Amino acid sequence: MGGEVAPAGTWTSDGEPAPAGTRRPDGEVVPVGARRIDGEVVPVGARRIDGEGGELAVAALRAHGVDTLFTLSGGHIFSVLHAAAGAGMRIVDVRHEQTAVFAAEGYARLGRRPAVALLTAGPGVTNGISGLATAQANGAPVVVLAGRAARKRWGSGALQEFDHIPLVAPVTKDARTVTRTEAIPGELRALTAAAATPHRGPVFLDIPLDVMHRRASATLRPPLPADPPAADPDEIAEAAELLATARRPVLVAGGDVWWGGAWEALRHCAESLRVPTFANGQGRGCLPARHELSFSRSRAALKEADVVVVAGTPLDFRLSFGRFGNARVVHAVDHPALRATHVPTAAAPAGDLRQILDGMAAWSGPRADHEEWIRRLRERERALRAAERPELEHAGEPIHPARVLGELIAQLDHDAVVIGDGGDFVSYAGRLVDSHLPGRWLDPGPFGCLGNGIGYAIAARLLHPDRQVVLLLGDGAFGFSAGDVDTLVRHRLPVVMVVGNNGGWGLEKHPMRALYGADVAADLRPGSRYDQVVRALGGAGETVTDPRRIAPALRRAFAAGEPYLVNVLTDPEVAYRRSAKLG
């Protein structure tokens with residue numbers, strides 16, 4: 001074949017474009033849009049890079065749009081830290097590795113893109129496990145890059161020698177150790193794509209110390225696509241017909257509606273088929289709270305419905321494990337592996353949620369009239385909201401936790417980011433605080449891990465420097481990450497923290513009393529001055545015992561321009577009424 005004319009638009013083996021009439025020197029034609037580097041065909045945009053392992057890792061992360069590292073320093077990751085600083089990346093160093101992973105998860109969840117936590121070997125990784133498990137439960141594309149004891153010393157008892165992979169594998173989509181310096185960019189490319197591809201989730205890569213500090217040349221390729229699979233049109237039509245012809249339909253939007261950028265498709269679906277819509281988790285705000293078809297208080301409708309469509313969230317304990325009375329259930333998910341198997345479903349379209357919801361909205365077949373059902377639910381919603389007013393305006397002492405939230409709601413901007421980290425107090429917030437825009441609410445999610453709050457707040461303030469960022473904390477939850485107030489102060493990240501301080505583990509105290517007539521290991525020190533902890537770490541704050549002083553304290557917090565904690569002493573005898581079951 002040598003000497004044959006290369007067609008226009010092809011590439012010769014030396015990587016240069018071959019115009020019409022050019023003869024190939026060796027008879028080989030590299031496909032259009034590619035080039036050959038060191039004997040390997042790679043896409044346009046690929047380039048050779050040279051450097052130490054940390055430099056190769058940073059180059060690979062930057063190629064994927066990563067602009068921030070959340071970390072706590074350690075000798076096994078010096079190479080990455082040095083390279084990141086030299087490349088101008090933002091480095092947010094924290095006081096505990098769990099906060100680094102939670103901050104990366106919050107950054108991923110609010111930014112809808114992969115985010116990176118950089119952890120040192122051994123205890124650095126083990127300290128981050130709860131964050132990884134939370135990211136897995138929330139489907140967050142967190143990339144954990146870690147150091148590892150040197151290969152040449154492995155088995156000799158090197159400092160922090162520990163095989164991380166068996167520990168992190170159960171809570172990640174993929175977990176690997178890279179053994180060749182030149183392979184670092186390729187491994188990060190594959191893992192970052194895996195993290196971002198539905199169904200999203202965390203990934204892990206550790207780099208042995210000697211591999212990290214070796215110099216090598218590598219090919220840096222463009223990012224791999226991370227597109228959702230296409231859904232089956234027949235399955236979409238089946239789901240649409242069930243929803244359209246139901247007499248009492250309900251639509252539930254979960255966090256993957258946010259992840260998939262499908263909030264406009266959700267609105268289109270709800271409006272086209274005229275369906276009352278509820279939100280779950282990070283699906284909050286995907287249909288604004290003030291929309292005529294958005295409901296939150298009247299969730300008993302799920303037990304009265306004849307068809308319930310759950311889009312973008314598992315049928316777990318938050319949704320009665322998918323059992324809604326006699327309703328037929330449609331489970332729409334972003335990947336076939338997420339289809340519920342523990343309950344029967346009438347339809348289960350899987351794939352791109354925008355395609356699924358838009359496809360359902362386009363249904364042109366028969367449909368029932370849902371207006372009377374909508375009217376009934378709207379009347380119920382109004383009545384339930386009216387019934388909340390006495391608690392929201394409660395004037396007695398000790399302070400009712402709902403009164404704290406009533407005062408806060410009055411001062412929240414339309415686009416405020418609200419974060420929950422706690423039990424009873426945050427449960428009240430989940431019921432009472434409305435979300436008007438997508439991506440403005442963060443809670444721990446179904447794994448239920450506390451201590452996430454300050455990490456999430458770090459992420460929210462970095463991504464939204466001009467918005468209100470409010471962190472709602474139980475007094476128990478504050479103890480998990482209080483030291484990272486120092487991180488907020490050092491990095492000049494003003495956040496308003498509100499602690500509902502009832503002097504105990506309310507989420508455990510009251511249910512234990514109901515079961516056994518007494519509570520065990522459920523008390524904290526009454527009246528602890530958490531505001532003084534924040535002051536000692538360089539922030540500001542105050543304690544409130546009079547409900548009339550809540551609003552002025554919040555105004556001072558929003559105006560402070562620094563981390564500010566409002567420590568509200570709430571009534572320890574008030575218990576949140578919950579209906580979700582553990583199992």
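Colleague: Which residues of β11 are buried on one side, and which on the other?
Modeller: This is a predicted model, to start with. V203, L205 and I207 are buried on one side of β11. F204, D206 and P208 are buried on the other, so both faces are covered.

Colleague: Why the split into those two sets?
Modeller: Side chains in a regular strand alternate between the two faces of the sheet.

Colleague: How many residues of β11 are buried, then?
Modeller: Six of the six, across residues 203-208. The strand is therefore largely enclosed by the rest of the structure.

Colleague: What does β11 pair with?
Modeller: Strand β9, residues 142-148, pairs with β11 in the parallel sense over six bridges. Strand β10, residues 174-177, is joined to β11 by four bridges, and these two also run parallel.

Colleague: Which residue of β11 does L145 stand opposite?
Modeller: L145 faces L205 there.

Colleague: And the bridge partner of A175 in β11?
Modeller: That is F204.

Colleague: Switching topic. What is the strand order in the open sheet of six strands?
Modeller: The order is β18-β17-β19-β20-β22-β21, with parallel pairing.

Colleague: Which are the edge strands?
Modeller: β18 (441-442) and β21 (540-544). Each of them pairs on one side only.

Colleague: How many bridges join β19 to β20?
Modeller: Five, between residues 469-474 of β19 and residues 496-501 of β20. The two strands run parallel. V470 stands opposite V496 in β20.

Colleague: Now helix α1. Mostly covered or mostly open?
Modeller: Mostly covered. The helix spans residues 53-63, and eight of its eleven residues are buried.

Colleague: Which ones are they?
Modeller: G53, G54, L56, A57, V58, A59, A60 and L61 are the buried residues of α1.

Colleague: What comes just after α1?
Modeller: G65 lies there, and its phi is positive, about 85°.

Colleague: Last topic, charge. Which residues form the negative surface patch?
Modeller: D232, D234, E238 and E241 form it.

Colleague: Where is E241 found?
Modeller: In helix α9, which covers residues 233-245.

Methods
Residues are numbered from 1 along each chain as its sequence is written. This is a predicted model: local features need pLDDT of at least 70, side-chain atom pairs count only at pLDDT 80 or more; totals for chains, interfaces and linings use all residues. Side-chain values use heavy atoms; hydrogens and water are left out. Patches are made of residues with over 30% relative accessible area and no salt bridge: like charges are joined within 9 Å, nonpolar side chains (Val, Leu, Ile, Met, Phe, Trp, Tyr) within 5 Å. Accessible areas come from the Shrake-Rupley method with a 1.4 Å probe; for residues, only the protein chains shown count as cover. A salt bridge is a side-chain nitrogen of Lys or Arg within 4 Å of a carboxyl oxygen of Asp or Glu. Lys and Arg count as positive and Asp and Glu as negative; His and the chain ends are not counted. The place of a charge is taken as NZ of Lys, CZ of Arg, CG of Asp or CD of Glu. Buried means under 20% relative accessible area, exposed over 50%, partly exposed in between (1.4 Å probe, protein chains only). Two strands pair if DSSP finds at least two bridges between them.
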